[in-house]
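Me: I would like to go through this model with you. Could we begin with the aromatic residues and then move on to the helices and the core?

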Amino acid sequence: MLPKLFKMIKENELTKEQVGKDIIAGIIVAIIALPLSIALAISSGVSPEKGLITAIFAGFIISFLGGSKVQIGGPTGAFVVIVYGVIKTYGITGLITATMMAGVILVVMGLLKFGSLIKYVPQTITVGFTSGIAVTLLTTQLKDFFGFKIKNVPAEFIGKIGSYIQHISTFDIASFLIGIACIFILVYWPKVNKKIPASIIVLILSTLLVNLFNLPTDTIGTRFNEISSSIPKPQIPHIDLQTITKLIKPAITIALLGAIESLLSCVVSDNMIDDKHDSNMELVAQGLGNIVSSIFGGIPATGAIARTAANVKNGGRSPISGMVHAITLLLIMVILMPLAKLIPMTTLAAILIVVSYNMGEWSHFKELLSSSKSDVLVLIITFTLTVVFDLVFAIGVGMVVHYILKFVKDRNEKAEDELEAA
C-alpha cells in the first residue's frame, strides 16, 4: 500500500500546471466546506469550531495519506444523527473516545485488506441506508428551520417528531421565511452563477438581513456564548477495558459508516477522473484522520461525496487540493471565526435541508421499487430501520434478509434446473 500522493510523486505525475489547478480547487472547496462544517457540527450537538477542526485535521490527513487522488474528507451529514445520539448518551468525552476507537478499527480494516468487501454490500442496502440517513438528517433541522423553542430535542426519530408537534405553538415566522428564502437561493443560484457557491451567498445575505434589521431569530451567537478561533491543545482520551466495552457499539457504527461512505465516494470520483483508488490505503487514511481529529477534539470524519465532486469539477486532480482545502479552512478559522456568531441558525438549517435532499438517492430508490420483490423488501427494511433505529442494526438486518432471500432464490432456481434436466 502506498498513499496516492506519494505514488504520484514517485511516478512524476505532478506538474506545475496541475498543482496550480489543485490549489485553486482546494480554495474553492474550502469555501464550500466552511458553512457545511459549521452547520454539521451544530446539528451534531457540538460547538461550531469543532466542525472546522475536523475538516482541517482529518481532511488534511485523509488527502495526504489517502488512496484516492481527489477525495475530500471532513464531517458529513451521514454522521449527524449518530454523533448526536452518542453525545446524548455518553457526552462529548464519550464521542471523542468513540471516534478514536473507530479510527483504530478503520486502520485495522485497511491493514487486513477489508477494503474490497464493499462490493459485497448490495445496492439495495446502500441506497436504503443512505436515503434513511437523509430523512433523519432533515428531521434534525426542523427545530431551527421553523424556529421552535425546544431546549432538548430527543435523539430518536419518533421522539423528535413528537417533540416538534408538542412545541408547534412556538413556531417563529421570521426564521421560517428566512429559511424558505435560503432554500430558494440554494436551489436556483447555481443556474445563475456556478463559480460562487450558493451556500456562501445565503450565508452572507441572511446574516446581513438578520443583523441590519435586528430580526428576532436565533443566531450562532445566541446559541453559543463562546466560539474559539484557536487550535485546541492535543489530548489523548483515557481508554481502558471498561471504556472500550461501553463505547464499542458507537465506535463500530462510526467505523462502518465511515468505511462505506468513504469508499462509495472513491468509486464515484474514480468514474469522474477515470482512475482507480486503493481502498485499503483509503481505510487506513480515514482511520488515521479520525484518530487525529479526536486528539484535537473534533468529530468523526469521512469522505464527503459532494465536496469531492466539487473538487473534481473545479480542476482538482491530486491530493494537494484536499490539503489546500484544509489549510484554507485553518486560515479562515483563525481570522474570521468570531464573525460566525452573526450567522442565523435557520440559514444553517436550510443548507443542511438541501444537503439532506441531495444525499438521498431518490432516483435510485424509485428505480429499485420497480425491481424484484426481494430487492424491494430489503430496500424498505434497511430504509425503515435506519430511520427508526440505527445504521448498524439496519445494515445487519438488511444483509441477513438479502442473503437469506438470495439463498432461497438460488435453491429454487437449482431445483427448477434439475427438474428440467430430468
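**Aromatic pairs, helices and cores**

Me: How many aromatic pairs does a search of the whole structure find?

Reply: The search finds 14 aromatic pairs. Rings of Phe, Tyr and Trp (its six-membered ring) pair if their centres lie within 6.5 Å; planes under 30 degrees apart count as stacked, over 60 as edge-to-face and the rest as tilted. This is a predicted model, in which local features need pLDDT of at least 70 and side-chain atom pairs count only at pLDDT 80 or more, while totals for chains, interfaces and linings use all residues. Residues are numbered from 1 along each chain as its sequence is written, and side-chain values use heavy atoms, with hydrogens and water left out.

Me: Why is the pair of W362 and F365 tilted?

Reply: The ring centres of W362 and F365 are 6.2 Å apart and the planes stand at 55 degrees, so this pair counts as tilted. W362 and F365 are three residues apart in helix α15 (residues 362-368), and are therefore separated by about one helical turn. Helices (H or I, at least four residues) and strands (E, at least two) are DSSP runs, numbered from the N terminus.

Me: Is F365 buried or exposed?

Reply: F365 is buried, with a relative accessible area of 11%. Buried means under 20% relative accessible area, exposed over 50%, and partly exposed in between (1.4 Å probe, protein chains only). W362, at 30% relative accessibility, is partly exposed.

Me: And what about the rings of F365 and F383?

Reply: Their centres are 5.3 Å apart and their planes are at 70 degrees, so the pair is edge-to-face. This pair links distant parts of the chain, since F365 is in helix α15 and F383 in helix α16 (residues 373-388), 18 residues apart. F383 is buried, as is F365.

Me: Changing topic: how many residues does helix α8 have, and how far does it reach?

Reply: Helix α8 (residues 198-212) has 15 residues and reaches 21 Å from its first C-alpha to its last. That is close to the 21 Å expected at 1.5 Å a residue, where the expected span is 1.5 Å times one less than the number of residues. After α8 comes N214, with a positive phi near 50 degrees.

Me: What do the buried residues of α8 pack against?

Reply: They pack against α2, α7 (173-192) and α14 (345-359), with contact meaning heavy atoms within 4.5 Å. Among these buried residues are I200, I201, L203 and V210.

Me: Which residues touch the most other members of the largest nonpolar core?

Reply: Of its 75 residues, they are I38, L52, F129, I220, L257, L329 and L348. A nonpolar core is a set of buried Ala, Val, Leu, Ile, Met, Phe, Trp, Tyr and Cys residues joined through side-chain atoms within 4.5 Å. Helix α2 (residues 16-44) gives the most to this core, with 11 residues.

Me: What does L52 touch?

Reply: Not counting residues up to four places away in sequence, L52 touches L34, S37, I38, L329, M333 and M337.

Me: Finally, how many disulfides does a search of the whole structure find?

Reply: The search finds zero disulfides, a disulfide being a pair of cysteine sulfur atoms within 2.5 Å. C182 is buried at 4% relative accessibility, and C266 is buried at 0%.
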